[in-house]
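Please look over the model below before reading on.

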Amino acid sequence: MPDTTQFGIASAVLIGLGIYGLIVSPQPLRKLLALNVIGTGAFLLFGIVARRGAAAGFGADPVPQALVITGIVVAFAATALAAALLLRLARVAGTTALDREAGAEGSSGGADETGIR
Amino acid sequence: MADFLLIAALVVLATMASGLVPILRNHGDAERMMAAQLLGTGGVAALLLGGVAAGVDAVLDVALILALLAAFAAIAFVKRGSDTEMPDDAPPADPGEP
Amino acid sequence: MNPAAFDLGIALLVVAIAAFVIFTRDAYAAVVAFVAYGLLVSLRWVMLHAVDVAMTEAAIGSGLTGVLLLGTAARLRDECADGPPARTGTGLRVVAGIVALTVTGLLVAAVVGFGETAPTLAPQAAAALPATGLGNPVTAVLIAYRATDTLLEKVVLVLALLGIWSLAADGAWGGRPGRKQRADPDGGLAYFARRLVPVGVLVGLYVFWVGANHPGGAFQGATILAAMWLLAMMAGLADVPSIREVRVRAVLVAGAAVFLAVGLALLGFGDGFLAYPPAFAKALIVGIEVAMTATVAVTLVLLIAGTPERKA
Amino acid sequence: MNTLVTLASAGAIAAGLVFFVAGSAGLLRFPDTLTRLHALTKADNVGLGLIVLGLLPQVDGVLTGLKLIAIWALVLFGSAAVSQLIARASYRDRERR
């Protein structure tokens, strides 16, 4: 059985970074990126389980691999849906700042320009 | 020989990483577009070296996909970063835009 | 120098770029870095001997997700006047840091504490492989052993697309998604697209076809086909189809429909839902995969194209 | 494998690495977008070509070798087109300022 501890620790760190970004970052687009970082970290953990299960002449257990392939495609679909929601929000509200007051505070000229549109 | 190939792959990765630093730090869209270019070429090289060293033949197909998709991503970078796309009935872009 | 040192090098690079994606102030730079991140992650999948996943990650995780988010970032920059984001309070940062560290710590403990023997389904997958007529165990899992997952995933893709379409303004329903692409038909981009698209389509079909016996398959092939269609659109050689077009809608449901039809036929006349009889297994699987490739390719293109915005 | 072939192969790969390093050095040191673009697209593609050349004797089968060359050709064609488009975009950027 190959040693995959290093892979596992790196994946755990990726998930941690993603969680931090998901909570802290003020822009929804950045939260979406953070969510994708968490996703790849979780997929890599599956990959480690697959690699540990190498047997019968296969370099890795095919079942987790297939699950990850399905997962990557579904994660992409979810990201696309979130991106479309974000663009719609921007069109309707003129801003994507989640905290309206904080958003207005951050940009003095922002409110005027939104009014024109 | 496999050792040599892996070291070579690491060197390519290191040059890729050091090339990425100025691209990400410099502002300006043309600058950013180079990232896809750098990563495409460097990624293909690292993949080929690492794959041949590990004896994984199918890695060539991964490199093939990467070469195609890097070109595709680079085109998308160029399109998004410049004014070649506009809403159907929008006025031309404001020349005073910074 | 051994492979472990190489793996460690990539691991450090992946973590460093992920940190940049999370911590940089500039949203556009974060998206660019995310493309780089996806590429390195796909390198990592090669080192984990999961070449099928490496292909999917290179094509979808890095390529298509990058293009999608890049487009979103560019349009947000154009369309809304958000100033520089407000700084998050220190309290929230501390709490987020504690949560992130706790999760990471627990995961590290779990990984380090893995037992001596690993659970594996590889021997079972290998034993059943001859009955499917396939040589690639991952494709066998996707289309035969756990076919229901893949069938339901097709449904999820269509649902996500319906969600995106339903965001259309009243006047734009039934129209074409996204903005119109303008490009000089005699320019460099159009020339490039005319030369590259045929090559790319060939590569896509090749990746799909070798998927039966070697790494590759329907998802990877379909992603390449989708990328080539998007390239033709960006070069102004093709336009996004109207969402009202019947042919497009037929292809969108073809994957799930063929899958379901085969499953129900086998339930009625065979051994059970999607229990392929060994004599026809390969033919049925290839038939399902062809329909699936078409569906996935068209769905991916429309997912990126986005909400309908203009008249057909 | 023949020792001479191995040496030639290693030599080609090492030469390829030199071009990659030179390309990145150019990216770090050159003053403006166009010169940096020139360093990146030219040097890296020669580097990849040399690496492919070095790897050719180490893969089995003529078809695999041809695939290696096809990958290089694809990257080369992509870079040629993309670098032209990037250069034009940067030129337009500068005129607008």
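## Helix α8 of chain C

What should the 23 residues of helix α8 (residues 188-210) of chain C span at 1.5 Å a residue, and how far apart are its end C-alpha atoms? The expected span, which is 1.5 Å times one less than the number of residues, comes to 33 Å, and because the end C-alpha atoms are 33 Å apart, the two values agree. Helices here are DSSP runs of H or I with at least four residues, numbered from the N terminus.

## Basis of the model and confidence

This is a predicted model, in which local features need pLDDT of at least 70 and side-chain atom pairs count only at pLDDT 80 or more, whereas totals for chains, interfaces and linings use all residues. Residues are numbered from 1 along each chain as its sequence is written, and chains are lettered from A and ligands numbered from 1 in the order in which they are written.

The predictor gives the complex an ipTM of 0.87 and a pTM of 0.87. For chain D the mean pLDDT (the predictor's confidence in each residue, from 0 to 100) is 85, and 95% of the residues reach 70 or more. Among the elements of chain D, the mean is highest for α1(D), at 88, and lowest for α3(D), at 83.

## Chain D against chain B

Counting residues as in contact if their C-beta atoms, placed from the backbone, lie within 7 Å, 39 residues of chain D meet 39 residues of chain B. The elements giving two or more residues to this side of chain D are α1 (3-29), α2 (33-55) and α3 (62-96), and α3(D) provides the largest share, 17 residues.

## Chain C against chain A

Here 83 residues of chain C are in contact with 79 residues of chain A. α3(C) gives the most to the side of chain C that touches chain A, with 15 residues.

Conventions:
Two residues are in contact if their C-beta atoms, placed from the backbone, lie within 7 Å.
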